[in-house]
Protein chains: 2
Amino acid sequence: MPQIIIADDHPMVRGALALAVESAFDQPEILECAHLAGVTQLLESIGAADLLLLDLRMPGVDGFEGLVRIRSQFPATPVVVISALEDPRLVREALALGAMGFIPKSTPRAEIVAALSLVAAGGTYRPDDLALAEPAPDPKGQAADDDFLQRVLTLTPQQRRVLQLLGTGKLNKEIAYDLDIAETTVKAHVSSILHKLRVYSRTQAVVMAGRLHLDSFADVAEG
Amino acid sequence: MPQIIIADDHPMVRGALALAVESAFDQPEILECAHLAGVTQLLESIGAADLLLLDLRMPGVDGFEGLVRIRSQFPATPVVVISALEDPRLVREALALGAMGFIPKSTPRAEIVAALSLVAAGGTYRPDDLALAEPAPDPKGQAADDDFLQRVLTLTPQQRRVLQLLGTGKLNKEIAYDLDIAETTVKAHVSSILHKLRVYSRTQAVVMAGRLHLDSFADVAEG
DNA sequence: GTGCCAATTGTACTTTGGTACAAGGGTAGT
DNA sequence: ACTACCCTTGTACCAAAGTACAATTGGCAC
């Protein structure tokens with residue numbers, strides 16, 4: 001009897017997802033959470049779930065922070081990210097951070113079911129149209145940014161988690177606590193990250209990385 | 001014979017501004033630049049101009065960096081910021097950084113002329129409708145951000161310039177060079193900034209401050 | 001003038017941040 | 001078995017960041 005956790009602060013969304021889960025699994029035990037703390041508690045009590053459907057934005061979560069935390073604390077639990085947005089960059093980022101799938105809320109029910117089955121079978125899912133459409137190059141001047149993006153993609157999963165926490169302004173000590181590793185290890189990761197991104201301070205790394213998430217909206221432009 | 005510098009990378013815009021300048025001043029000497037380096041060179045050779053119309057985005061400038069540099073290197077030259085955007089936050093920020101005015105490119109010619117005259121007379125200009133409309137509170141959840149904004153507003157002008165450069169990931173040493181002050185002084189400013197913003201590292205300050213500029217677009221939302 | 005404050009700088013000190021080098025354990029592929 | 005890579009940690013060291021205290025200058029207001 002598979003245990004599936006649905007974490008979303010919107011009851012309606014939880015309901016819709018629950019239906020999909022019931023279609024995709026055989027007699028699932030569905031556990032619902034409205035906030036991240038609940039997810040953590042649940043996972044601590046049951047050890048690991050067979051699947052976690054995690055909304056990107058919830059009380060206590062903003063962006064990928066929740067994903068990062070869950071993935072590092074409970075690596076055994078596969079996570080599928082649920083989101084209202086479907087920016088290719090977000091999709092890539094989520095998968096890079098260890099998510100097994102990315103399901104936009106606009107996805108038709110039938111496809112959600114298929115996606116969940118796919119993940120349950122060990123696959124990874126992302127919206128079809130975006131899957132290959134993403135490498136479409138912008139004629140504009142985002143060459144430099146794409147260079148940087150390429151470098152970000154050379155980071156290892158753990159390094160991405162560290163970068164993610166760097167982006168919240170945390171100290172090495174805090175990052176170490178969050179990921180439950182030694183501060184020395186964090187330093188090693190940070191050092192490696194700085195080299196790979198070709199910057200010379202954590203602040204620069206944060207500034208550069210921050211832009212990647214903004215560029216989606218930056219076309220509101222200027223001139 | 002007043003010397004006015006028009007700095008914008010777009011020839012058409014320079015032309016339009018030149019017309020306005022000719023209406024607002026008596027026999028002005030108009031100097032045009034397409035990039036920031038040209039402005040610096042010009043100012044170095046003539047010492048100071050009577051007015052500088054500075055576009056926010058130009059080759060060599062991204063955001064307020066150019067304004068900050070010019071203001072610190074040539075404090076005697078009054079600067080009016082030209083921009084395609086007119087986000088109230090940008091307006092406030094520009095004025096806080098020492099600009100004597102903020103003119104959106106959508107402003108009608110007649111009003112541009114009036115604005116330039118106003119600044120020439122020692123006043124400061126900003127778009128009317130925004131002037132008082134800005135304090136309109138968003139019902140959403142940007143309470144925390146506004147708290148932070150309040151704190152940013154307690155920073156002194158020089159401290160804002162430092163914060164601006166912090167946001168580019170620069171080291172204290174580099175900031176000192178850019179503003180032509182001692183590194184010790186930069187440290188003093190940074191220390192003060194961290195206290196006022198109630199954060200405990202430059203990286204956090206950058207992260208928080210960075211959000212202020214994004215919130216304008218953040219309503220593309222999530223959920 | 002007196003007082004307030006921004007800005008500047010210095011000295012001295014503590015804490016973070018970051019690098020370099022070395023090393024053990026785990027996993028996956030050849 | 002061997003290689004390669006990731007993750008982990010430690011030690012040691014140097015640079016950058018931040019704090020605390022003290023002092024000078026200059027502008028502005030009362």
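Modeller: Two strands pair if DSSP finds at least two bridges between them; strands (E, at least two residues) and helices (H or I, at least four) are DSSP runs numbered from the N terminus. This is a predicted model, in which local features need pLDDT of at least 70 and side-chain atom pairs pLDDT 80 or more, while totals for chains, interfaces and linings use all residues. Residues are numbered from 1 along each chain, chains are lettered from A and ligands numbered from 1 as written, and side-chain values use heavy atoms, without hydrogens and water.

Biologist: In which order do the 5 strands of the open sheet in chain B stand?

Modeller: The edge strands of chain B are S2 (29-33) and S7 (101-104), each pairing on one side only. The pairing is parallel, and the order in chain B is S2-S1-S3-S6-S7.

Biologist: At about what angle does helix H4 of chain B run to S7(B)?

Modeller: Helix H4 (residues 88-96) lies across S6 and S7 of chain B, contact being heavy atoms within 4.5 Å. Angles run from 0 to 180 degrees between N-to-C directions of axes fitted to C-alpha atoms. For H4 and S7 of chain B the angle is about 145 degrees.

Biologist: What percentage of the residues in chain A is buried?

Modeller: Chain A has 11 helices and 7 strands. Buried means under 20% relative accessible area (1.4 Å probe, protein chains only). Of the 223 residues in chain A, the buried share is 48%.

Notes:
Buried < 20%, exposed > 50% of the residue type's maximum accessible area, 1.4 Å probe, protein only.
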